[in-house]
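Hello,

Here is the structure I promised to pass on to you. Have a look at it first, and then read my notes below.

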Amino acid sequence: MKFLKTTYGLVLLLFIGILFSGCRTSFRSGWTNFNAYYNTFYNAKRHYQTGLDKVMNQNVDYNPEVPIRVHRKPLNAGSQDFQLAIEKGADILRKYDDSKWVDDALELIGKSYYFRQEYFSADQKFDELYSASTDLRKRQTSVLWKGKTLLELEVYNQGIAYLNDQLLEFEGQWAKDLKAEIHVVLAEIYIQNEDWGNARNNLETGVRDLPEKELKERSYFLLGQINERIGDREAALEAYDKVSDHFTEYRVQYLARRKKADMARTLGRNDLALSIFNSMVRDDKNTEFRAELNYELGRTEQLNGNIRAAEEIYKSILRNPLIQPDALTRAKTYYGLAEIYRFSFDDFKLAAAYYDSAAQQRADITKLPEDFNADELASSFGQYSDIKNDIIEQDSLLSLGKMSPEARDSAIAIVRARKIAELEEQRRAQENQQNTLVNLAATPEQNESSNTANGFLNSANPVAQQQGRQAFRAIWGDRPLVDNWRYASILQRSIEDDLTDANEEGTAASDELMMVEMDLSRIPISEADQDSVENIISRYQYQLGNLFFLSLNDPDSAAYYFEKAYQPEKSNDINPAALYSLSELYDINGSKSRSRALAEELINTYPATTFALRLSEKYEMQLPVSTDSVLQDPLERYYYIRTDTSTTISAEAKQLITFSEEYRNTLLATEALNDAIQLYLKKAREEEGFQELQEVWLAQKQNRINEQKSFAQYQDSVSQALADTSLSLSDEERAGLQEIADSTLEETDLSEFYPYKSAGWDTVRTLVDQYLVAFRNGPHRSRLEILKRELAVPEEKPEQDTVATDAQEETELTESNVYVDCEEIDAELRLRGNARQVNSVFRAVLSGKEELKVRFYLNTRGIPDRYEILNEDLSEEQTSRVNDILNRGLSFEPILREGQAIKAACTYRVDLTE
């Protein structure tokens, strides 16, 4: 029995040993996962969530005038928390690299880098996650976040290509929510390229299946903005209306309702717009937006034709002491009033004042409507007001000059009496102000602000001191702060009274003073002076016509002032210009017969003018005088040269050069020489093949700029990677990155692409130099200096003393001059990311082959511009599958030569037999 018990115990122990030996691996794995999560990953997630909460709690100032972001741009919030998450996640990769939390750690580190705005490191981590994970959702998540990273890196074309390729790569396998969000990211990238059609298509595809209400809320708002840009206002209104179905952020909801009402207003549905705005005004949640909502009500009334109601609303916004509008609302309100007085009341002076007030507001220009041009209109209407005042003044003087002496004296006396009355009224108002008592009782806030720091009885408080000064002046006026001031004041008044009594009558002294102030010498008494004033008035009328025609786009007002400027009974130099402008104005407006009649009148009345010459050529009328008589004046001659269509470009340019030399000391000389330069420029641009040469030249220069910018960004990212202690880099990798960080970009020789090589361009260069020497202060100097720099002939590199065959020259042109051969400089091509995994994919695709050879043509960042598969033994299917792998965005470490990143052509070899 004892033997049986002993045997049973041995068997039981043996069974337990076998059981534990079979489960040891599973138990160890579970224990590793347990330690990895609770010792490290749990804390990493906690730090990440803390940082994310800080980011999400940041207020966003949405600008409804520009497309908003569905995926918020990372802000400077939670940076330290994300850094702790990165460090804890890195511990997983170092200590628990065989746990199941590796993929989660890579994802969390990548997102943390993203929110820290370290986009290069984020991009690397999402690539690692894509390559390392076998979980389909993890790989698709990495695609989404890489797309968001490319959006922030502003590499829009690369982002579009990458995301579209990945959508095809996982076609039929996509998680619904991730695919929807990728379409939204694509829409955001297309917006940056102003490709509104593709943006709308992707946004409409993705918005329905987005997983989060806040993303849907912003996506529908963005869809409304895109439809608004396209001009589909019905679709825009519908999109803005759908925002309310996904309420998460009140500011977005508020702006969506405003936009919905605005779309209703532009569609002519003013009743709906008024209903929305009125309900928003009554909503207590909109108290802080009451002023801008009242503006929208006023704007709606204005567009609805209720001008008086709109005017009253606008003015109540500006007068309301309880609800102070912000600068943006004030600017738009003043602008609305200016439009009312301009278009509805024809009061251009007040319109100018309101435009000026709108321009003076310090409003964010990006939040103003696109057609908001208050500054320009204020200037134009300000000119109108000044010219109009000048006309009134000259007209008044002319009226006085044409009066009889008795009537003139009577009118002057009336004007003088009116000015005396105005001065007397001002004096009484000043005395009333000085005799007004003020309430000096301090407010509770002022009493509370009194403390020992402000001195005894608050005497040292600067606010109280200023209030005391104002109160003193209100009671006593500007009395001197000296002793015996009453006696001095009485004595002064006594002296003034004595001086007044010395005159026969007090008003007589005032009259004499007024006589001195009124400049009667300006009154045109003689007929010649009156003709001169009438000529001045005609000039002012002509200036107003030009102002309305050229600056304010108001042809009706322009015609009115041109007609007033034309005085056929008078002989002045404005008449031909006014007739010419009227003829051109009627021609533009379609009144051909009226335009021709005015041209005929001009030709018959003022034949020896360039205006007559030009219209005679336009309407094929006979000019009563020879063209020589037209060209006696330099201005007339210059005008004739510029309007003579019978000469060639070269002949006209030579005439202008001659004119510039003859009249060197006039402003016309600078204009003539500049015109000659522009004509030769035009002729040079029209040379055969120039457009293609210039496009290549500009493209090469832009490529150079882009390379410099990209390389600088790449170096910044490399420097961040070197400073990142969480990245596990070998000494060799760190040395390679340090070499990149310390390197410079090789200067590219662009002389072979230089397009400005012909004799025509030599002429342009000569004339530009001539202008810059002759006219040191010429009005076109700054622009011509820029042109000179653009046309400067680049220094060509010295030719090498080598003899090359045609084949060698062709090879150098396609490779050496653009891409340096890696073998020539003994450079090693190193693939970024998991090279071992990439090569294993090639081996799986090309089973049975010995080697894969691919020739890559790399830019300075190590990204392939193109590639060539050198294997000739691949089937069509194998070639297609290799192309699929190569098009996934493989990139390499930059190739360096003497510390500079260069373009390189390198052959990448994969041993397929391993």
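At what angle do helix H3 and helix H5 pack, and how far apart are their axes? Before I answer, please keep in mind that this is a predicted model.

Helix H3 covers residues 102-115 and helix H5 covers residues 136-153; they pack at an angle of about 15°, and their axes lie 11 Å apart. Angles under 35 degrees count as roughly parallel, so H3 is roughly parallel to H5. The crossing of these two helices, H3 and H5, is left-handed.

Another helix to look at is H25, which runs through residues 574-588. From its first C-alpha to its last, H25 reaches 21 Å with its 15 residues, close to the 21 Å expected at 1.5 Å a residue. Is H25 mostly covered or mostly uncovered? It is mostly covered, with 13 of its 15 residues buried. After H25 comes Gly590, which has a positive phi, near 95°.

Now for the chain as a whole. It has 38 helices and seven strands, and 42% of its 914 residues count as buried. Its accessible surface is about 51,800 Å², and carbon and sulfur atoms make up 49% of that. Among contacts with a separation of 6 or more, 64% are between residues 24 or more positions apart.

Enjoy exploring!

Best wishes

Methods: Residues are numbered from 1 along each chain as its sequence is written. This is a predicted model: local features need pLDDT of at least 70, side-chain atom pairs count only at pLDDT 80 or more; totals for chains, interfaces and linings use all residues. Side-chain values use heavy atoms; hydrogens and water are left out. Helices (H or I, at least four residues) and strands (E, at least two) are DSSP runs, numbered from the N terminus. The expected span of a helix is 1.5 Å times one less than its number of residues. Buried means under 20% relative accessible area, exposed over 50%, partly exposed in between (1.4 Å probe, protein chains only). Contact means heavy atoms within 4.5 Å. Accessible areas come from the Shrake-Rupley method with a 1.4 Å probe; for residues, only the protein chains shown count as cover. Axes are lines fitted to C-alpha atoms, for helices over the stretch in contact, and angles run from 0 to 180 degrees between N-to-C directions. Angles under 35 degrees count as roughly parallel, over 145 as roughly antiparallel, 65 to 115 as roughly perpendicular and the rest as oblique. A crossing is left-handed if the near helix is turned anticlockwise from the far one by less than a right angle, and right-handed if clockwise.
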